[in-house]
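Please look over the model below. This report covers how its parts are arranged and how selected residues are placed.

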Amino acid sequence: MLTFAGLDIGGTKCAITLGRATDHDIDIIAKTSFPTASTPHETLQQLLHELDNLLEQHPDDKTRLQTIGISCGGPLDSTRGLILSPPNLPNWDHIDVITPFQQYFGVPVGLQNDANACALAEWQWGAGRGTRNMIFLTFGTGMGAGLILDGRLYAGTNDNAGEVGHMRLAEDGPVGYNKAGSFEGFCSGGGIARLAQSLVSRRLEHGEQLPSFGSLDTITTKAVAEAAQNGDPDAVQIFREVGRQLGRGLALLIDILNPQKVVIGSIYARQQELLQPCMLEELRKEALPGSLSVCEIVPAGLGEQVGDYAALSVARALYLKG
């Protein structure tokens, strides 16, 4: 029995998990979270303090602690353990997040961006278990990917592999990743809301009846999804477009990387019934048949808990690396 610790650093919240692992499984035995402080120093000090408290409450696990994994939104430098000014973490510019924990706890510490960490979690314990080539897509607030290629995480030359949200799928469309018509523009929580806002704006401009999922200022992705599930034709059409663009983006990835599985989290996992038909229709038109035939597309096996396991998967991968 081995113990790993995971730290997730987010723009609004930080979370800490302790996990007990066997060769193939892990059980989360403790978890705590707190709002992200206003400065990097305060946040790191609180993370250190809260992790120390959790380990004091579990003395056997403190003795068995092998490694600590840290998950955070990019950009970052995983080799040097630096967080490099992520958009959701103001003032986190070249912040060393590894050294404080390494010095205090005396164990190796690893850092990965959140998409890579989720990919490792799904590969080790979720829907991607047993594969050698797997893509994980976040499909949440944004659209990012973690790549498992030939049995290991592929992060690229400077940790920028997997930024699939930046791919342009159409000449025009909702803006995501600062690019109109991008994969993230169509396939993200913000993208779905922006598609709905565009529809409402056109209706207002022509004096037509507004859809059921809210006014221009109150539209949310959740409201659009609920309306689609209840059969609202406008909301259903929005999700059809999102599904179609998801298929286009997946076709590019499948043609280039030839994966065994694509695991998709968050919105796809919750709205698979709405998104899958148009996604598959587009995939059959766009992807190479031979590559598509060996690729399974599934929702995240860890479901809404994938984030809880993400940083722990970084810790375990670091342990296995030796």
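## Model and domains

The model is predicted. The protein chain is assigned two domains, and domain 1 is built from two segments, 3-123 and 305-321. Domain 2 covers 131-301. Taken over C-alpha atoms, the domain centres lie 28 Å apart.

## The interface between the domains

On the domain 1 side, 13 residues make contact, and they meet 18 residues of domain 2. Together the two domains bury about 1,200 Å². Carbon and sulfur atoms account for 62% of that area. Within domain 1, the residues that lose the most area to domain 2 are N116, E122 and W123. These three make up 48% of what the domain 1 side buries.

Which kinds of polar link join domain 1 and domain 2? Three residue pairs are in polar contact, both residues at pLDDT 80 or more. The count of salt bridges between the domains is zero.

## What domain 1 contributes

Three elements each supply at least two residues to the side of domain 1 that touches domain 2: β5 (76-77), β8 (109-113) and α4 (114-125). Helix α4 gives the largest share, seven residues. By class, this side of domain 1 holds six nonpolar, five polar and two charged residues.

## T221 in helix α7

T221 belongs to helix α7, which spans residues 221-229. Is T221 buried or exposed? Its relative accessible area is 17%. The cut-off for buried is under 20%, so T221 counts as buried.

Contacts from elsewhere in the sequence surround this picture. Leaving out residues up to four places away, T221 touches G189, G190, I192, A193 and I267.

## G165 in a loop

G165 sits in the loop between β11 (152-154) and β12 (175-176). Its relative accessible area is 0%. G165 is therefore buried, as that value is under 20%.

Which residues does G165 touch, not counting those up to four places away in sequence? They are M143, Y177, S182, F183 and E184. E286 lies 121 residues from G165 along the chain, and the C-alpha atoms of the two are separated by 18 Å.

## Summary

The two domains share about 1,200 Å² of buried area, with three residue pairs in polar contact and zero salt bridges. On the domain 1 side, α4 is the leading contributor, with seven residues. T221 is buried in helix α7, and G165 is buried in a loop.

How values were computed:
Residues are numbered from 1 along each chain as its sequence is written. This is a predicted model: local features need pLDDT of at least 70, side-chain atom pairs count only at pLDDT 80 or more; totals for chains, interfaces and linings use all residues. Side-chain values use heavy atoms; hydrogens and water are left out. Domain bounds come from an automatic or database domain assignment. Contact means heavy atoms within 4.5 Å. Buried area is the accessible area (1.4 Å probe) that two parts lose on being put together, summed over both. A salt bridge is a side-chain nitrogen of Lys or Arg within 4 Å of a carboxyl oxygen of Asp or Glu. A polar contact is a pair of N or O atoms within 3.5 Å; within protein, one must be able to donate a hydrogen and the other to accept it, and residues adjacent in sequence count only if both atoms are side-chain atoms. Helices (H or I, at least four residues) and strands (E, at least two) are DSSP runs, numbered from the N terminus. Ala, Val, Leu, Ile, Met, Phe, Trp, Tyr, Cys and Pro count as nonpolar, Asp, Glu, Lys and Arg as charged, and the others, Gly among them, as polar. Buried means under 20% relative accessible area, exposed over 50%, partly exposed in between (1.4 Å probe, protein chains only).
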